[in-house]
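User: I have a model open and would like to talk it through with you. Can we start with what a term stands for and then go region by region?

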Amino acid sequence: MRVRLANTLRESGDLPAAISVLREALSLRPDKANIKLTLAEVLDEANFSHEADAIRSQMLELVGAETAIPPFSQPGVISRPGAPARSVDRVEIQIKAQTCTKEEVEMTLASLRGLTSVNWHATVLKGCDQSQGVESFGPTAPGALLMSDNLTRTAALNPVLLIDAGTVLTPDCLDWLIWALTDDVCAAYCDHDEVDTVGTKRPILQSAPHFLDLVTNPSPPAVIIFRDHGNDARGFGARGLLSWALTRGKVRHVPLVLACAKASDRSLNTERPSKPQPEVAGRILVVIPTRDEGAALEVMLTSLFRNASSRDEVDVVVIDNGSRESGTLKMLEHWRSQGVEILRRDEPFNWASLNNIACEGREHPIVVFANNDMEMLSESWDLTARRLLSMDGVGVVGARLIYPNDRVQHAGIVMGALNGEPLHEGLRAGPDERGPLDRWVRRRPATAVTGAFMAMRRSVFDQVGGFDAENFAVSCNDVDFCLRAGAVGWTILYAPELVLRHHESLSRGHSNTEAKRKRVSEEMGRLLARWGDRARFDPTRNPQWEGRGIRLFAGMRSLTAEEVMDWAIKTESRPSDQPETPTLA
């Protein structure tokens, strides 16, 4: 009973109260392993990792376990694997020094002296103290040359490394980037540490290459190497050049911290000219399955229409899956009189099948699938959905979902996150928490989004064959759909400008019975079997991140050379074979 109460408090975000209840339960039943494990999980979520580790270690000692709990990596103890051997004639290093001090230039040039395994030539792009000539840098970096303003094309077409003055490279930085610049790869970048004005350092761990991640990234890559940035890219900054490279060929990400750079106010303008995208025209279809819970559905329907910019362009189909409550039936008749279509289906609950049936015979270019236990909080959500789905290559859009206490319920879905299974990102985070690189509050690619609110192009729904009602009747259907859409080239987009409040699973309840748990377990097993390694791998979450329970970004771990290379090759971006559907990195 106390464990159930603690889990209820945990779901509501009241972790201190949950911990208190579990401690009391443990004092009464100190032999109960499930209480200890639950307490350790909640302590992890509340950032009491050391106490959680102590509980788990004590349990292992009691059962005579021979294997210790894997150590949790701490800042400062991350090791880097050696880079595979590869050589180039020379690397041209261009150091942007327009807004810097002489000391920052000297810091960067001094770090270049450690690049002994690579032949390089440094160009300092004009800036800092203009009264000083090249000789002021002389002995610190032979070959450094003070140049003017913009990036220049090298005559020999050697690889070009772009960095800001003040950036310090690790001795193996170029070795790894040169390795990545193989097999017709046109650009590569790595991770870095960022230091603010008071000296605080934090790791900047990037996601896989994708233009829609780059365009909103508050701390884009600080170290980028190009095979050749070309005459047609002159005048672009580093972010713009990387954006340009993503349209030109393969781009790789090396998931290692290979530099330290100062924090800067890098503009979010990619400097890449983009062709205007026509807005997806036509009516929007919203599909909402329900069973009783008329009050919750009333809130959802009212908020959808109230916040729609063009109500007359939104058609809603409510699939009544066996409602019996008189209040719900009366409410449904009221909304029928307001133009909402009520489609009655008296059959066992199958979320995937109900949504597929609702789409039959309809030709709306945009379809939104939504739960009945939601409340739309975003004004003009319909125009936002049209705008996002008009972006080149975007096929599916997911929203930011929050609990009634404003904590995060969904900020995208991460594959392989918890015991090898997918998990909602940002789960139970506070309303002001932003996540690494602001990923919970900025628009970015995701591997999957929840079907509790999912907007998509109808052409994408048809292309991948709708939801798989045979294998994923209740759970995993949204993740399976997103994986299939991604596999044929569509981008899945997490869009926090769409915000809904979610009272999770009101109609069918949580998976709190043995039969429901068995069904969810079977469907998860089918998802993992169908997708294999793809179900355990997420290109939007840097492999250096280490999770603890639902805290997916709790610490860092060291990678092997094989893991680094596997990530770089698996996640490399390529221009799409289909003009409007670029490959999801």
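Predicted model: local features only at pLDDT ≥ 70, side-chain atom pairs only at ≥ 80, totals over all residues.

User: OK, which residues of helix 11 are buried?

Analyst: In helix 11 the buried residues are Trp-351, Ala-352, Ser-353, Leu-354, Asn-355, Asn-356, Ile-357, Ala-358 and Cys-359. That is 9 of the 9 residues of helix 11, so the helix is largely enclosed by the rest of the structure.

User: And what covers the buried residues of helix 11?

Analyst: The cover includes strand 10 (284-290), strand 11 (314-320), strand 12 (341-344) and strand 13 (366-370), together with helix 13 (458-464) and helix 14.

User: Take Asn-355 then; what does it touch?

Analyst: Asn-355 sits in helix 11, which spans residues 351-359, and with a relative accessibility of 0% it counts as buried. Leaving aside residues up to four places away in sequence, Asn-355 touches Val-287, Pro-289, Ile-319, Phe-369 and Phe-467.

User: What follows helix 11?

Analyst: Helix 11 is followed by Gly-361, whose phi is positive, near 75°.

User: Which residues other than glycine have a positive phi, say Ser-380, and what is the value there?

Analyst: Ser-380 has a phi near 55°, a positive value in a residue other than glycine. As background, most residues other than glycine have a negative phi. Ser-380 is in the loop that runs between strand 14 (374-376) and helix 12 (381-389), and at 28% relative accessibility it counts as partly exposed.

User: Changing topic: how many helices and strands does the protein have?

Analyst: The secondary structure comes to 16 helices and 23 strands. Of the 585 residues in the protein, 55% are buried, and the protein exposes about 25000 Å², with carbon and sulfur atoms supplying 51% of that area.

User: Let's look at helix 9. How far does it reach from its first C-alpha to its last?

Analyst: Helix 9 covers residues 294-307, which is 14 residues, and it reaches 20 Å from its first C-alpha to its last, close to the 20 Å expected at 1.5 Å a residue. Its buried residues are Gly-294, Ala-296, Leu-297, Met-300, Leu-301, Ser-303, Leu-304, Phe-305 and Asn-307.

User: At what angle does helix 9 cross helix 10?

Analyst: The two axes come within 9 Å and cross at roughly 20°. That makes helix 9 roughly parallel to helix 10, and helix 9 passes helix 10 in a left-handed crossing.

User: Which residues meet there, between helix 9 and helix 10?

Analyst: From helix 9, Gly-294, Leu-297, Glu-298, Leu-301, Thr-302 and Phe-305 meet Thr-328, Met-331, Leu-332 and Trp-335 in helix 10.

User: Is Ser-326 buried or exposed?

Analyst: Ser-326, which is found in helix 10 (residues 326-337), is exposed, with a relative accessible area of 61%. The C-alpha atoms of Ser-326 and Asp-292 are separated by 8.8 Å, although the two residues are 34 residues apart along the chain.

User: How do helix 14 and helix 15 cross?

Analyst: The axes of helix 14 (residues 477-487) and helix 15 (residues 514-531) come within 11 Å and cross at roughly 15°. That makes helix 14 roughly parallel to helix 15. Val-479, Asp-480, Leu-483, Arg-484 and Ala-487 of helix 14 make the contact with Leu-527, Arg-530 and Trp-531 of helix 15, and the crossing of these two helices is left-handed.

User: Last one: what does Ile-413 touch?

Analyst: Ile-413 is found in strand 17 (residues 413-418) and counts as buried at 4% relative accessibility. Not counting residues up to four places away in sequence, Ile-413 touches a set that includes Pro-422, Leu-423, His-424, Thr-447, Ala-448, Val-449 and Asp-538, and also Val-479, a residue that helix 14 uses in its contact with helix 15. Ile-413 and Ala-448 are 35 residues apart in sequence and 5.1 Å apart in space, C-alpha to C-alpha.

Technical notes
Residues numbered from 1 in each chain as written. Heavy atoms only, no water. Helix = DSSP H or I, 4+ residues; strand = E, 2+ residues; numbered from the N terminus. Buried < 20%, exposed > 50% of the residue type's maximum accessible area, 1.4 Å probe, protein only. Areas by Shrake-Rupley, 256 points an atom, 1.4 Å probe, with all protein chains shown as cover. Expected span 1.5 Å × (residues − 1). Axes fitted to C-alpha atoms, helices over the stretch in contact; angles between N-to-C directions. Parallel < 35°, antiparallel > 145°, perpendicular 65-115°, else oblique. Left-handed = near helix turned anticlockwise from the far one by under 90°. Contact = heavy atoms within 4.5 Å.
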